Amino acid sequence: MGDLEGRVERLRGAADGGDAGAARELGRLLSMLRADVDEQVEIDEHTWPEEQWLRAAVQARPDDRVAAVLLAGRLVQQIAHWSKDPDYAEEHGEDEETLERREAEARALYERVLADDPDDPTARVGLATLVAWAHDGEDNTGGDVLDAEPPYWFYSVELGMGSGSFNHSETVITTDLDEARWALARLLAPVLAEVGGPPLGVELHLFVHGNGEVQEVVRLDDHLDRDGRVDWDAVTVPPLTGEPLPPGHPVGVDHYGYSTDWG
């Protein structure tokens, strides 16, 4: 995980110097987090630290299809996030106009990619997912896209907590186990800082997905050390044995990188 922290800072330095490839990779890594590595935020805050770097990558290289679908995917995730509760969205300065602006930008990014490669799987599914989220089933050209599991292989790490009728969950989707470990440590940090030890009532799972279904479930909360951190030496995680999920590819109601849900 320390290697990833160092990598993020090296990429940040290169991206600050105008390296579009570094900006894209920095944005991809930061999309795994609820906030930037130097930000201290509450567990219910989400700052989208990746957006500025993905925008820089797209601006510098408009023909970079990976950067385009990564940015579009994060815009779709924002639409899904703010659409859950209009009152909550309004408290944070979000409304129908800001969501429509994101929809138009994401649509343009996906359509740009499809104009170059009509068979690009991430852009095709991404556009259908955008329609499904933005219109809540209206003009649902995506069919059952939000219920579908992609045929690729990937990991999802999930943190869940709740009491009574309220539940809060956070999910990180990636194809790299080190990234999953790093992101989970970041998700747990504010919880551990508050309780000072293994958190009660917090469920931690790692799911291995492949061929359109969950292949294996690992209970990470069974392997916490005295400080409440996951003892990865005690955890056996199967490798991904099939074609990995492309960066930015939608995953049903979830999203590549970080997302949160509550209710």
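**Exercise 1. Salt bridges**

There are 20 salt bridges in total, a salt bridge being a side-chain nitrogen of Lys or Arg within 4 Å of a carboxyl oxygen of Asp or Glu. The model is predicted, so local features need pLDDT of at least 70 and side-chain atom pairs count only at pLDDT 80 or more, while totals for chains, interfaces and linings use all residues. Residues are numbered from 1 along each chain as its sequence is written, and side-chain values use heavy atoms, with hydrogens and water left out.

Task: Describe the salt bridges that Arg 12 forms with Glu 9 and with Asp 36.

Step 1. Side chains of opposite charge can pair when their charged atoms come close.

Step 2. Between Glu 9 and Arg 12, the closest N and O atoms are 3.4 Å apart. Both residues belong to helix α1 (residues 2–16), where a spacing of 3 residues separates them by about one helical turn. Helices are DSSP runs (H or I, at least four residues), numbered from the N terminus.

Step 3. Glu 9 is partly exposed at 41% relative accessible area, whereas Arg 12 is buried at 14%. Buried means under 20% relative accessible area, exposed over 50%, and partly exposed in between (1.4 Å probe, protein chains only).

Step 4. Asp 36 meets Arg 12 at 2.9 Å, N to O. This pair links distant parts of the chain, with Asp 36 in the loop between α2 and α3 and Arg 12 in helix α1, 24 residues apart. Asp 36 and Arg 12 are both buried.

**Exercise 2. A further bridge and a network**

Task: Is each partner in the bridge between Asp 64 and Arg 61 buried or partly exposed?

Step 1. The closest N and O atoms of Asp 64 and Arg 61 are 3.0 Å apart.

Step 2. Asp 64 has 8% relative accessibility and is therefore buried; Arg 61, at 32%, is partly exposed.

Step 3. Elsewhere, salt bridges with shared partners join Arg 7, Glu 25, Arg 28 and Glu 179 into one network.

**Exercise 3. Aromatic pairs**

Task: Which residues are linked by ring pairs into a cluster?

Step 1. The model has 3 aromatic pairs. Rings of Phe, Tyr and Trp (its six-membered ring) pair if their centres lie within 6.5 Å; planes under 30 degrees apart count as stacked, over 60 as edge-to-face and the rest as tilted.

Step 2. Trp 48 and Trp 82 form a tilted pair, 5.7 Å centre to centre with 45° between the planes. Because Trp 48 lies in the loop between α2 (20–30) and α3 (51–60) and Trp 82 in helix α4, the pair ties together parts 34 residues apart in sequence.

Step 3. Trp 48 is buried, with a relative accessible area of 9%, and Trp 82 is buried at 7%. Trp 82 also stacks with Tyr 88, at 5.4 Å centre to centre and 25° between the planes.

Step 4. The cluster linked by ring pairs consists of Trp 48, Trp 82, Tyr 88 and Trp 262.

Conventions:
Helices (H or I, at least four residues) and strands (E, at least two) are DSSP runs, numbered from the N terminus.
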